[in-house]
Amino acid sequence: MTINVKTDFKYVGTRPIRPDGLDKVTGRAMYGADLNVQGMIYGHIVRSPYAHAKIKSIDFSEALKLPGVLATMSADDLPDPGDIKIPGGEVDFELKVFSPIIMARGKVFFHAQAVAAVAATSASLAAEAAKLVKVEYEILPHVLDVHAAAREDAPLLHDDVFTQGVDPVPTKPSNVSAQLELKMGDIDAGFAKADLVIERTYCVPMCHQGYIEPHACVAQIDESGKVDIWCCTQGAFMVRTLTSAITGIDVGKFKVTPSEIGGGFGGKTTVYIEPVAVILAQKSGRPVKIVMSREDVFRASGPVSSSETRVKIGVTKDGKITAIDTDIVMDSGAFSSSPIFPAVMFGSACYRCDNIRSSGTEVLTNKPKVYAYRAPGAPQPMLAVECVINEIAQKLNMDPIDFRLLNAVDEGDVPLFGVPFQAIGLKTALREAKKHPNYQAVLKENQGRGVGAAFWINAGMQSSATINVSEDGRINVLTGNPDIGGSRASMALMAAEVLGVPMETIRPTVVDTDSIAYSDLTGGSRTTLATGGAVIKAAEALVEELKKRAAALWALDIKEIEWVDGKAVAANGEKVFTLAELAAKAGVTGGPLCAVASHNAHNAAPSFAVNVCDVEVDRETGKVDILRYTCVQDAGKAIHPAYVEGQMQGGAVQGIGWALNEEYLFNERGELDNAGFLDYRIPVASDLPMIDTVIVEVPNPLHPYGVRGVGEVSICPPMPAVVTAVNQAAGILVCDLPLSPPKVLAAIDA
Amino acid sequence: MSKQRKTHVSTTVNGEPCEFLCEPTQVLSDVLRNNLNLTGTKEGCNTGDCGACSVMLDGALVCACLVLAVEVQDRDIETIEGVAKEGKLHPIQQKLLEHAALQCGICTPGVVIASKALLEKNPDPSESEVRYWLAGNLCRCTGYDKIIRAVLDAGAVMRGE
Amino acid sequence: MPSVHYEAPTSLAQAAQFLQGNSNVKILAGGTDLLVQMKLGIRQPALIVDIKHIPELMEFTLGDQGLHLGAAVSGAIVNDHADVRRIYPGFVEALGLIGSSQVQGRCSAGGNLCNASPAADSVPALMVNRAMCNIIGPSGTRTVAVENFNTGPGKNCLARGEILVSIDIPLPAPRSSDAYLRFIPRTEMDIAVAGAAVAIRLDATGVCTAARVAIGAVAPTALLVPAAAAALVGSKLDDAALSKAAAAASAASSPISDKRGTAEYRKKVVGVLVRRAAIIAKARIEAQV
Amino acid sequence: MPKVIFPSNWQQYTNGTKEVAVAAGKYQDLVVELHQRFPALTREMIEKHALAINGVMILTPLLESFEQDSELLFVARIAGG
């Protein structure tokens, strides 16, 4: 499949101010918690104090005695999930792993799991009423460690979970929820050819996406049963689908309006509170607002699988990789939800190697159910593979970038997951990284440098777009994808490019689920590619319509009309209609000007990134300072380069945080000990240097503008770059993240 | 439950006199957002760790979530809603836009308030001074790079460079 | 809901009435600890007494006797005073390390002291500067050396009805200076894992004639370490003396392991901080000449 | 005939067969044909996967058809963040 990829652009590739910028720097932009409606009451969720327990009874009577408490709920108000499957955009969901996160049914599987909820006339009253809800528990033994959980005699979480991917299907339930193995070539033969083999095990802790905006929503139901939800989410249609399935209310009764979203990184690709607000609204007859506390965000939303990756790589003495063998164990929390598949599939995707084996095991423990985080599943195994690659390059006395150039995948190579690469930018990115002045900087004592390369597959999927033209020729572009990092700007730029009009005449709007056709969520690095694809399609249809209108006015055949710089042109430029002129005449040429596009993007293409990190280690305290940081990434075509850089910088810093300080600390009771920004230590401004960026553009051959997804791959290379730099600077080998000062110091002193 | 008597507070918000009734335990961010509908002040943590609720209180930069609303009697509060004046953005707002220094934008109001406070006190800060001053304004999207550049650039504009 | 009352007395006498009239009362200065504790349900006072309207609590003067600091004066105000910064660099940097720029707008040395966290940054720095605490209460006024103020984690020497009014820090002798360092995993926004303050005086030849060393976050309260100070006195702060002081500080510490660091790590790092703080203080004296 | 390459973790259901030529020219026929030839490979298992046709990933391949020389590969559907 080949198409003509456009290379000369007028608007695409420029850096205009984002259309929603004014609202965001003045505080006018409305986020999840910013909507207050008349008659609104407040919901508060009662959470489990135990990591594993049977719910014997729930008694709301004391809570209901408080004047102003208007509704209560528990799992009894939700349909039994049974074996119902929910069709999701990217993957199908099993209702039974979603419904208990909204309200525990019969049993709680992790500390702070939602058990009940109350709604009252003020937030403080609701909080007080929640304390009066009496829940009787029968405490069960819990298990927090994956290895302990995988043992036969471990406390069993679910009696209906049988290890998937094993043949024959086991008859005994297990906390090991899935296993898989992928192979190509002959792994033993590969190692037999190797002159050097290095094997390491790298551990990555459970962490959180760390978005600054807590989950928030307002739900109301009118007398006809129509449900209105306002919420911060990565996907309004996803909220509609999941909330309908969880509450049992028909999907057609929902209208979901996405607010501005204060960060998500995958953590807002599901629901936590919306179904609760809907049921409380239904039972109270009042609009219900729920805002999660920061503590609850950490305890009961989002977290990201911890992992343990054993990797063994063999190379010849001249630096060719002969075999890559990985085993990954991921903690999925209390329900199967970990990204074990991509972890197994993609860990070694940067390297050309005939003999690869990769296995994965997903284990359930009494911790919060994990969810997606930026390139889910990729950073963990790539940390292990990349660190070993760095170690090998060092042992072979080769430059780590040269070593990668020797082994990097290129067009035509077939990775473990089987789909051959088309044109890709890994080698270009590696060369750019090597050329960068930061890579030439001289390292002093106690300083070290690390390199990380990474791959992410990116998603396409369904999107729609509507373009309307006003009487004066201004353009409204409507899409259904929440703008999480500047996507309105890229939508406007692509529409401007097709229509040949300045971006300032285009107003892009993110609309509710009643105002546009279905769109999959903002995630998987897909919005610019897929929703942008829908915008391009709609704009092209609009251009055809405009040409038709001009042809009618001039009594010419449409074939004689050209669309040039926002104008219909005919007769060698003798006849010209501007868009505004055509818009003014729309009423007499066929009615309002508009176009709609429905798009299922099959043209996603992988993106690659290379990071280089320089650090200095304080040998007396184990403290790490980031000195220099360089991100190189293939964007295919950067629609708005400043926001592409932003994705690279943001991903890099999230990865730095994960490498150095971020981790979930559970106590022996299974309670999270650091459920706040004070002790869940995301990087702050003073922790960092400037994050230098180089955008590489190797066009995606499947996309009309050459676009690739850029949002996710950026979080994959930082961990190995940082970890290698620290280990080199200090002359240590710590493989257990985060590389917090006590750990680094202990290794130095060992 | 003992019905709590609400307290009447008169204060000044963005130069305008303002009155509200609040519970004694309500914090200023809550009152600004939910009583006065000034939702530009954001809440990210409610414990003073994220800076999204930054406001000026009698000229001092504070987290509105760590101020009791009853404390602001006869005080002078400036919120994000009062920064752009007479239809014109403050240089820091303009520079944040030009540098694409926001992605999701939830931390932006707090960053605007805190940066403006810095530049008014220290018109020509070093990169390091900006970074340390803004350490209490968490941003999870940008990696801070473009924010720091925008603040330095806004400083230059305010100095007339 | 337990009913909460808020009072903002404008005199010490008024404040005394509120403090004595209620058994479940908390004093509100900057609120950067109290409000967090209330939100987390750790404290549920029935009465909150805001002391920021009492003139004595807001005094801030630098004179012949040294610094007179009202207990509720915010970190930002102290930090903006160039002379105070110059004379007490270690104390000002310690106070300035409490929280973010936003927290600085509210937090105070008095509040930091009364909250009695073992990790309070300003307390070791107050100790090495021989700060005295002025307390007023039902039985009159009394003055307590800062090292005797806190009695355990979250506990201080204030009796019911007593209030910390101000802190007096004497002027340092000529050729003296101080420094405070803390260790945190990030560069900002963390609670100290270990902290160390050092104040020294050097003679004209560079020999240390007086020293005070205090450590934080490594014992139930911040702690003066006379042995570490003794190791410095009489030396030119050479490696041997610094190592001895560091070892003395580590030996005097009795840290716990928690989410912020292990006991072993804290014990080691507190010594490192003492050594580094002493070097900074020395450099500050040398820069004075 | 179109060629189907099985992911290695499917080979336990295909008696070790790594690739097969199929008669089907459309996705819906392909699912029927594969299940008939390898009964352990359930429709549900097949339909849970995305299909790459000549290297282009199609997450929702229901209506896809292919050429005589097409190379078809099943890939686990991946969710992004």
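Reply: Let's start where two chains meet: 24 residues of chain D are in contact with 40 residues of chain A, contact meaning heavy atoms within 4.5 Å. Before going on, some ground rules: this is a predicted model, where local features need pLDDT of at least 70 and side-chain atom pairs count only at pLDDT 80 or more, while totals for chains, interfaces and linings use all residues. Residues are numbered from 1 along each chain as its sequence is written, chains are lettered from A and ligands numbered from 1 in the order in which they are written, and side-chain values use heavy atoms, with hydrogens and water left out.

Me: How much area do chain D and chain A bury between them?

Reply: The size of an interface is often given as the accessible area lost when the parts come together. Here, buried area is the accessible area (1.4 Å probe) that two parts lose on being put together, summed over both. For chain D and chain A that comes to about 2300 Å², with 60% of it on carbon and sulfur atoms.

Me: How many salt bridges and polar contacts are there between chain D and chain A?

Reply: A salt bridge is a side-chain nitrogen of Lys or Arg within 4 Å of a carboxyl oxygen of Asp or Glu, and the count between chain D and chain A is zero. A polar contact is a pair of N or O atoms within 3.5 Å; within protein, one must be able to donate a hydrogen and the other to accept it, and residues adjacent in sequence count only if both atoms are side-chain atoms. The rule finds three residue pairs in polar contact across the interface of chain D and chain A, both residues at pLDDT 80 or more. On chain D, strand E4 (56–58) and strand E5 (71–76) are the elements giving two or more residues to the side that touches chain A. Helices (H or I, at least four residues) and strands (E, at least two) are DSSP runs, numbered from the N terminus.

Me: Which chains have the most contacts?

Reply: Chains A and B do, among the four pairs of chains that touch. There, 58 residues of chain A are in contact with 46 residues of chain B, and the two bury about 4100 Å², 59% of it on carbon and sulfur atoms. A:Val25, A:Ile212 and A:Met690 supply 18% of the area that chain A buries against chain B, more than any other three residues.

Me: Which pairs of chains do not touch?

Reply: No contact joins chain B and chain D, whose closest C-alpha atoms lie 14 Å apart. Chain C and chain D do not touch either, and their nearest C-alpha atoms are 27 Å apart.

Me: How do I describe two helices that pack across chains?

Reply: Two packed helices are described by the angle between their axes and the distance between the axes. Axes are lines fitted to C-alpha atoms, for helices over the stretch in contact, and angles run from 0 to 180 degrees between N-to-C directions. Take helix H21 (residues 741–749) of chain A and helix H11 (residues 263–288) of chain C: their axes come within 10 Å and cross at roughly 80°. H21(A) and H11(C) are therefore roughly perpendicular to each other, a label for angles of 65 to 115 degrees. A:Pro741, A:Pro742, A:Leu745 and A:Asp749 make the contact from H21(A), with C:Tyr265, C:Lys268 and C:Val269 from H11(C).

Note on methods: Parallel < 35°, antiparallel > 145°, perpendicular 65-115°, else oblique.
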